[in-house]
Amino acid sequence: KRGFEYYTGGLDFGFNNPSCFLLLGWVDGECYILDEVYESHLVNHQLIGKVVKMLRKNGLTPNDLNAVYCDSAEPDRIQEFSDYGFNALGSIKNVETKINAVKSCKVHIAPHCVHTINEIESYCWQKDKDGNDLDKPIKVNDHSMDALGYGIYGTVGILSPNRYDKERVEVYMY
């Protein structure tokens, strides 16, 4: 479908803050953010309904996604996604690890993913006493960024079953 090798999702749960689901398509290790659901005040069945509708719009079903990597602080919500047919898995919470995973691959963003674009453009780093950037982001307006981090780390992070480790593969090739 559309020339992608496979699809995954990244999901950051919220309520007062928005929940964010990102549909990610993968080709040659590059990530394409194809679509987003970004909305506040959704209980889980409403969020699932909006995600399924967005997938349908993209010609996909929950079964077409290899996995959805979710905010692991919400195991009950992850289970509801699993019950609906998603391969929903908890992802790593460490912010620095997620950022390093995102930096490790090229990311393309569909122009209609306006919330994700706005968050990327407003992403800010903490500063030291001299005004130099630290390797820690300011935790504000980062719901798409968290969803992206969950999705990319889950797909290509060091502990991911989907990770393509060229060195390991070459060792076992004849």
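Is Asp35 buried or exposed, and what is its relative accessible area?

Author: Asp35 is buried, at a relative accessible area of 3%; buried means under 20%, exposed over 50%, and partly exposed in between, with a 1.4 Å probe and protein chains only. The model is predicted, so local features need pLDDT of at least 70 and side-chain atom pairs count only at pLDDT 80 or more, while totals for chains, interfaces and linings use all residues. Residues are numbered from 1 along each chain as its sequence is written, and side-chain values use heavy atoms, leaving out hydrogens and water.

Asp35 takes part in a salt bridge with the side chain of Lys57, with N and O 2.9 Å apart. The term stands for a side-chain nitrogen of Lys or Arg within 4 Å of a carboxyl oxygen of Asp or Glu. In general, side chains of opposite charge can pair when their charged atoms come close. Lys57 counts as exposed because its relative accessibility is 61%.

The count of salt bridges comes to two. The other joins Lys50 to Glu39, whose closest N and O atoms are 3.3 Å apart. This pair links distant parts of the chain, with Lys50 in helix H1 and Glu39 in strand S3, eleven residues apart. Helices (H or I, at least four residues) and strands (E, at least two) are DSSP runs, numbered from the N terminus. Lys50 is partly exposed at 34%, and Glu39 is partly exposed at 32%.

Glu39 is among the residues in contact with Ser19 once neighbours within four places in sequence are set aside; the others are Asp12, Phe13, Gly14, Val37, Tyr38, Leu47 and Arg77. Contact means heavy atoms within 4.5 Å. Ser19 is buried, with a relative accessible area of 1%, and its side chain reaches the backbone nitrogen of Gly14 at 3.0 Å.

Strands S2 and S3 belong to an open sheet of six strands in the order S5-S4-S1-S2-S3-S6, with mixed pairing. The edge strands are S5 (88-90) and S6 (107-109), each of which pairs on one side only. Two strands pair if DSSP finds at least two bridges between them. On average, neighbouring strands of this sheet are turned by 30° against each other, direction ignored. Strands S1 (residues 6-12) and S4 (residues 65-70) run parallel and are joined by five bridges. Within that pair, Thr8 stands opposite Ala67 in S4.

Two helices lie across the sheet strands. Helix H5 (residues 143-156) lies across S1, S2, S3, S4 and S6, at about 40° to S2. Axes are lines fitted to C-alpha atoms, for helices over the stretch in contact, and angles run from 0 to 180 degrees between N-to-C directions. H5 is mostly covered, with 13 of its 14 residues buried. Its end C-alpha atoms are 20 Å apart, which agrees with the 20 Å that 14 residues should span, the expected span being 1.5 Å times one less than the number of residues.

Last, the chain as a whole. There are six helices and eight strands, and buried residues make up 43% of the 174 residues.

How values were computed
Polar contact = N/O pair within 3.5 Å; in protein donor to acceptor, adjacent residues only side chain to side chain.
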